[in-house]
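Keep the sequence and the model side by side as you read. The walk below goes from charged pairs to strands, cores and a loop.

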Amino acid sequence: MPINSAGTLAAFLKDRRTRLDPASFGFSGRRRTPGLRREEVAQRANISPTWYTWLEQGRGGAPSADVLNRIAKGLMLTEAEREHLFMLGLGRPPEVRYNGVEGVSPRLQRLIDTLDASPALIKTATWDVVAWNRAARIVLTDYSALPAGQRNILRFMFRSPAIREKQHDWENLARFVVGSFRADAARAGAVSEVRELVDELCGTSPEFAALWRENDVLSHGDGTKRLKHPVLGDIELEYSGFAVDGRPDLSLTVYNPIDSKVADRIRDLARRLPGQGPGDPPPR
């Protein structure tokens, strides 16, 4: 049910309307009150001025998702404000609109760089790795040595013999990865965006094709990962997955070594790692 009971939606619309500068939108003329007029918002949203006026007066019933999206665009709402608008008007968030991403904010990069013994990476809903720290380069994959188009976890799993060799139980891990990937893509509204990757892997990996046909959907919030590392030997790490606030297209995974001696070795190797330093932009 919508939470718009005592004119909450009406108050939110009026507040955002009065914050806008008419001159920025090409509207002129003397005004007794700040912001855009109701009919100007209706014009920008391509809806009836009467209908918009009713919404600001708490009348007319619940608006449709299409109307709310038009109003959000007309009022230049941020994604957080658009989500709040839907919660007020319909009692639910809007459908996710997937936007591809090539990198992360410097602040987010600095955050994962502080984890000197814990591999951390940030991936998109299509499981392209877009950020990592030095520990991830040591333990997982040296993403900085790869072109941007080759940093996809699904391709690593099903097309890289070296990655496969490092896994203790590749078959179960592969099933888990495919099910989690399916869930991430659907959650972020990226089903159409992953179609090309899925078609490619179905054509090159019979194992991926078989797992994809199973239609499993899995969660990857936390767990344990075992690796046969060429330098560190057999290691075990606990991992936790985190959503990136305000970014349904991104997720953060942090791996913590269970053995403190392994953590010390990762820290030492990462400190002596040549090349790209923490926070440096990866090569294109």
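A residue counts as buried under 20% relative accessible area, as exposed over 50%, and as partly exposed in between. Take Arg70 first. Its relative accessibility is 32%, so Arg70 is partly exposed. Asp66 has a relative accessible area of 43%, so Asp66 is partly exposed too. The side chains of Arg70 and Asp66 meet in a salt bridge, with 3.1 Å from N to O. Both residues lie in helix H4, which spans residues 65-74. They sit 4 residues apart, about one turn of the helix.

Before going further, a word on confidence. This is a predicted model. The mean pLDDT of the protein chain is 86, and 91% of the residues reach 70 or more. Two stretches call for caution. Over residues 1-6 the pLDDT is below 50, and this stretch has 14 contacts in the model beyond near neighbours in sequence. Residues 277-284 also have pLDDT below 50, with 13 contacts beyond near neighbours in sequence. Where pLDDT is low, the predicted coordinates should not be read in detail.

Back to the charged pairs. Side chains of opposite charge can pair when their charged atoms come close. The structure holds 17 salt bridges. One of them joins Arg16 to Glu81, whose closest N and O atoms are 3.1 Å apart. This pair links distant parts of the chain. Arg16 belongs to helix H1 (residues 8-18) and Glu81 to helix H5 (residues 79-90), 65 residues apart. Both partners are buried.

Which residue does the side chain of Glu56 meet in a salt bridge? The partner is Arg17, at 2.6 Å from N to O. Glu56 lies in helix H3 (residues 49-56) and Arg17 in helix H1, so this bridge ties together parts that are 39 residues apart in sequence. Glu56 is buried, because its relative accessible area is 8% and the cut-off is 20%. Arg17 has a relative accessible area of 8%, so Arg17 is buried as well.

Now move to the strands. Strand E1 (residues 120-124) and strand E2 run antiparallel, joined by 3 bridges. Ile122 stands opposite Ala131 in E2. The hairpin of E1 and E2 has 4 residues between the strands. There, Trp127 takes a positive phi near 65°.

Asn133 lies in the loop between strand E2 (129-132) and helix H7 (134-139). One is the backbone oxygen of Ser118, at 2.9 Å. The other is the backbone nitrogen of Ala136, at 2.9 Å. Leaving out residues up to four places away in sequence, Asn133 touches several others, among them Ile112, Asp113, Leu115 and Pro119.

Next, the nonpolar interior. In soluble globular proteins, nonpolar side chains tend to be buried together. The largest nonpolar core here has 40 residues, of which Val139, Leu154 and Phe158 touch the most other members. Elements that give two or more residues to this core include E2, H7, helix H8 (153-159), helix H11 (195-204), strand E4 (233-244) and helix H13 (260-271). Helix H10 gives the most, with 7 residues. Look closely at Val139. Not counting residues up to four places away in sequence, Val139 touches Pro119, Lys166, Leu227, His229, Leu232, Ile235, Leu237 and Ile266. A second, separate core has 21 residues, including Phe12, Tyr52, Ala72 and Leu77.

End at Val217. This residue is found in the loop between H12 and strand E3 (222-229). Is Val217 buried or exposed? Val217 has a relative accessible area of 54%, so it is exposed. Its contacts, not counting residues up to four places away in sequence, are with Gly179, Arg182 and Ala183. Val217 and Thr126 are 91 residues apart in sequence and 15 Å apart in space, C-alpha to C-alpha.

Notes: Residues numbered from 1 in each chain as written. Predicted model: local features only at pLDDT ≥ 70, side-chain atom pairs only at ≥ 80, totals over all residues. Heavy atoms only, no water. Salt bridge = Lys/Arg side-chain N within 4 Å of Asp/Glu carboxyl O. Buried < 20%, exposed > 50% of the residue type's maximum accessible area, 1.4 Å probe, protein only. pLDDT = per-residue confidence, 0-100. Contact = heavy atoms within 4.5 Å. Polar contact = N/O pair within 3.5 Å; in protein donor to acceptor, adjacent residues only side chain to side chain. Pairing = 2+ DSSP bridges. Core = buried A, V, L, I, M, F, W, Y, C linked by side-chain atoms within 4.5 Å.
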